[in-house]
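Please open the structure in the viewer and keep the sequence beside it.

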Amino acid sequence: MAGISTHVLDAALGRPAEGIAVLLTDPDGETFTGVTDADGRVGDLYTGALRPGTYTLVFAVAGEFYPEITVAFTADPERGHYHVPLLLSPYGYTTYRGS
């Protein structure tokens, strides 16, 4: 299955981060939006055919230190679905290519 999904976890609270607005911009500048559910997921953020190039995710975390977090990544349509998790803490974050 091609597409892009994300998952946001709040390490400080030890639970999924519900209600985070997410903006995805594809290589052509088209935008897609979603909001994390009770499990911290946006599973269908982008369900179209992936195009090669750079995609940008902006997470509106409204934190005390980070009001938003931007994650840019390069997609290769041959590699299939991209899942990009975000692990939040009050003064830092981690992201990686998930499965």
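The stops below concern a sheet, a loop residue and a pocket.

This is a predicted model, in which local features need pLDDT of at least 70, side-chain atom pairs count only at pLDDT 80 or more, and totals for chains, interfaces and linings use all residues. Residues are numbered from 1 along each chain as its sequence is written, and side-chain values use heavy atoms, with hydrogens and water left out.

Select residues 21-25, which form strand 3; strands are DSSP runs of E, at least two residues long, numbered from the N terminus. Five bridges join strand 3 to strand 4 in antiparallel fashion, and A21 has V35 of strand 4 as its bridge partner. Two strands pair if DSSP finds at least two bridges between them.

Next, display the whole open sheet: four strands in the order 4-3-6-7, with antiparallel pairing. Strand 4 (31-35) and strand 7 (69-75) each have a single partner strand, so one side of each lacks a neighbour in the sheet.

Now select A12, in the loop between strand 1 (4-10) and strand 2 (15-16). Is A12 buried or exposed? A12 is exposed, at 53% relative accessibility (exposed means over 50%, with a 1.4 Å probe and protein chains only).

Finally, select D10, A12, V61, G63, E64, F65, Y66, I69, L88, S89, P90 and G92, which line the largest pocket. A pocket is an open set of points on a 1 Å grid over the protein atoms alone where a 1.4 Å probe fits, with protein on both sides within 12 Å along at least five of seven lines; lining residues have an atom within 4 Å of a point.

Definitions and conventions. Buried means under 20% relative accessible area, exposed over 50%, partly exposed in between (1.4 Å probe, protein chains only).
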